[in-house]
Amino acid sequence: MTSYDIAIIGGGIAGASLACFLAPQRSVLLIERETAPGYHSTGRSAAEFTLRDNAPAVNALARASHGFMMTPPDGFAESPLLARRGAVLVGTAGQEAKVEAAYRRADAAGAAVLRLTTEQALARVPFLDPDYLAAACFDPDYWDIDVDQLLQGYLRGARRHGATVTSGAELCGARHDGRRWTLETTAGAFAAATMVNAAGAWADAVAAAAGVQPLGIVPHRRTAITVDLPNGTDAAALPEVSDIADRFYFKPDAGRLLVSPADETPCEAGDAQPEELDVAYAAHYLEEATTLEVRRIASSWAGLRSFAPDRLPVVGPARDHPAFFWLAGQGGSGILTSPALGQLAAALLAGGPLPAALLREGVEPGAFSPARLI
Ligand SMILES: Cc1cc2nc3c(=O)[nH]c(=O)nc-3n(C[C@H](O)[C@H](O)[C@H](O)COP(=O)(O)OP(=O)(O)OC[C@H]3O[C@@H](n4cnc5c(N)ncnc54)[C@H](O)[C@@H]3O)c2cc1C
């Protein structure tokens, strides 16, 4: 039985980023059930990088991740990981104060944010409905993430430093004999000193399989559809449009318009599928806020965003088992925070100092510790 310092369960962006940052310091095994890493949440995101959309502790992780995303290490990616898109935040009648508050928040953070008149908003997004629009501002600090390149970059980096990536291997059980784990998988048994739970929506199930107390991490389904853009639209120049009340957002995606009704339905872990009603809501919100008529839905999908009870990520050793390490609960920002969370987890596991970017942005490991939950 091959033995490793660290075995990571889950080959989404969380497990892959940790494997990349940890492999230079420890022997690492990454175990992924699917044949393709990233098949679940990681492959179904809206691929958006934002600096101000989340809880303060998550925004700090975003700021600490931005440098890596803008300037990854040599050889990590063949083209830029981020492409600036900007976002128009829109409000309808009665929501003017919310838009103004978002403007002031971004302005206070030093962003080149702009208040927009209806004409200025229409100049950026010609198919917005002027009757819907009561207030708008433009925040330039939204980027598209090349998620596949990011994921493949992490996996390549991990392998280059000697990590073993095993896909098509499901963890079925884990036993600790007081010294090390024996991990039973569908691809055979492995041994490891420490086991990392980066299993996304299955994080609580993996804890239970290892005899560790689950933390109440609950998957929530979110839906996205794509529709055709109006003829002649320059998708590269089109910003994202985000409802100030978080009911919907839409943005260009692979030549079409991705629309999400920003749904958040608690559900079981699994291969999430879109519900008809959520697809209909996506089309409805788009028609409500724009002059577009949705005649055909080109594609639709759903993915799972998994949250701890306080909606912050969970990073650190389990209180009831120091050789079991949590890296879970990334919710709706696991892609954009992956550089910071991967480095934070690697520093905690290897006992090294926190990287400078995390210290500079005030990332406080205790805020993410599993100990806060039980
Ligand atoms: C519609 C939608 C839009 C989103 N938009 C954004 C966005 O714009 N920006 C952003 O940053 N984030 C976004 N997110 C959130 C982001 O996708 C997640 O936070 C992130 O992908 C979580 O990564 P993960 O590695 O934890 O989970 P996953 O990618 O789900 O990976 C977990 C892996 O663990 C494996 N696994 C589970 N159990 C076992 C087992 N027993 N044995 C072996 N392997 C196992 C699974 O097969 C899976 O591959 C969005 C999510 C959705 C659904």
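Predicted model: local features only at pLDDT ≥ 70, side-chain atom pairs only at ≥ 80, totals over all residues.
The domain assignment of the protein gives domain 1 as residues 3–75 + 146–217 + 310–372 and domain 2 as residues 87–140 + 220–306. Contacts between the two involve 17 residues of domain 1 and 14 residues of domain 2. On the side of domain 1 that touches domain 2, seven residues are nonpolar, seven polar and three charged.

The ligand is surrounded by 42 residues, of which G10, G12, G200, G303 and G334 are the closest. Because domain 1 and domain 2 both give residues to this shell, the ligand lies between them. At least two shell residues come from each of α1 (13–22), β2 (28–32), β13 (218–227) and β18 (299–307). By class, the shell around the ligand comprises 17 nonpolar, 17 polar and eight charged residues.

Helix α7 (residues 276–289) has 14 residues and, at 1.5 Å a residue, should span 20 Å; the end C-alpha atoms of α7 are 20 Å apart, which agrees with that expectation. Buried positions in α7 are D278, V279, Y281, A282, L286 and A289. These residues cover an arc of only 160 degrees around the axis and are therefore on the same side of α7. E276 and L277, on the other side of α7, are exposed. The buried residues of α7 are covered by elements including β5 (87–91), β13, β15 (249–253), β16 (256–260) and β18. Of these, β13 and β18 also each supply at least two residues of the shell around the ligand.

Technical notes: Residues numbered from 1 in each chain as written. Near = placed C-beta within 6 Å. Helix = DSSP H or I, 4+ residues; strand = E, 2+ residues; numbered from the N terminus. Nonpolar A, V, L, I, M, F, W, Y, C, P; charged D, E, K, R; others polar. Domains from an automatic or database assignment. Contact = placed C-beta atoms within 7 Å. Expected span 1.5 Å × (residues − 1). Buried ≥ 20, exposed ≤ 12 C-beta atoms within 10 Å, placed from the backbone. Arc of directions from axis to C-beta.
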